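Here are my comments on the model you asked me to look over.

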Amino acid sequence: MTVWPPHPLTPYRPLVINAAITGMIPTTDRVPHVPVTAERIVQDALACAGAGAAIVHLHARDPSERPEWRRAAYAEIIPAIRDQRPDLLICVTTSGRTFPELQRRADVLRLEGAARPDMASLTLGSLNFPTGASVNAPATIRALAEAMREAGVRPELEIFDSGMAAVAHDLLARGVLEPPLYANLLLGSPGMAPGRAGDLAHLVAALPQGTIWAAAGIGAFQLPMNAIGVFMGGGVRTGLEDNPYLDWAERAPTTNEALVARCAELGRLAGRRPATPGEVRGWLELAPAPAPPLPMVSG
């Protein structure tokens, strides 16, 4: 595994940008630019890739803008993205925030071929959000991790406090998780670690050695957590799932593309270009994405 000594002795690795573009909560009446249809999700994913994102984190929605767990909804999205950007890493949600049942949460992991995701979210514990609880029982966490391994999907560990980092160590020791690990560190909302520099540093130190991590802040904490993460040498998670504004003071609606572009600019200031999807695939030991099927040619 590549070792990255502290900057400036050796430059930090290129910046991994993960775009969480929809989520389960934002709706267009409150967040006008959040993509909720398959077509808009594809468009936003491609725009974020063009702005510097190597990973897109996807949530499907039904026609009423409610979260959708059925794999058929993702089968409309993933191949369409791959048709334009076959290299882009695609992560899907297995969140228990709306659907607690294991069968529903794992349904998206049964996709195959060009529709199979590269990664899937795995929250390593239960927590409270302002709008309700996300319940993740230990048995459910293990079952989802095992289903991901069987499907050849890399877990995107979702870590909201140091207890969840400890769970990562335990699952790694038991062989439920296998390196290399990737983790989103989410801070700044009630029920999770506060969005302060020391809290982010504490979570980073609590991770298994070698974990590739991305700093995420909720709401007003998105910019400071992204910026601190960039200058600490980590990656970033950004997007309308976590924050609807570019400037929290002005509260003007923004877009996913603009949030990704801001992270790319922070990386430029730190001397770190955006990592390419191919680089991130190499670091995470992920195979190239399956190619979309060739179009039928009539003769």
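The numbered points below take the ring pairs, then the charges over rings, then the helix.

1. This is a predicted model, in which local features need pLDDT of at least 70, side-chain atom pairs count only at pLDDT 80 or more, and totals for chains, interfaces and linings use all residues. Residues are numbered from 1 along each chain as its sequence is written, and side-chain values use heavy atoms, without hydrogens and water.

2. There are two aromatic pairs (ring centres of Phe, Tyr or the six-membered ring of Trp within 6.5 Å; planes under 30 degrees apart are stacked, over 60 edge-to-face, the rest tilted). Phe129 and Phe160 are edge-to-face, at 5.8 Å centre to centre and 90° between the planes. Phe129 is in strand β5 and Phe160 in the loop between β7 and α6, so the pair ties together parts 31 residues apart in sequence (helices, H or I of at least four residues, and strands, E of at least two, are DSSP runs numbered from the N terminus). Both Phe129 and Phe160 are buried (under 20% relative accessible area; exposed is over 50%, partly exposed in between, with a 1.4 Å probe and protein chains only).

3. Tyr245 and Trp248 are also edge-to-face, with 5.0 Å between centres and 70° between planes. Trp248 is partly exposed, at 32% relative accessibility.

4. Arg97 lies over the face of Phe129, 3.6 Å from the ring centre, and Arg13 over that of Trp283, at 4.6 Å (NZ of Lys or CZ of Arg within 6 Å of the ring centre and within 35 degrees of the ring normal).

5. In helix α5 (residues 138-151), Thr140, Ile141, Leu144, Ala145 and Met148 are buried. Seen down the axis, these residues fall within an arc of 135° and so line one face of α5 (the arc is that of directions from the helix axis to the C-beta atoms). Pro138 and Glu150, on the other side, are exposed.
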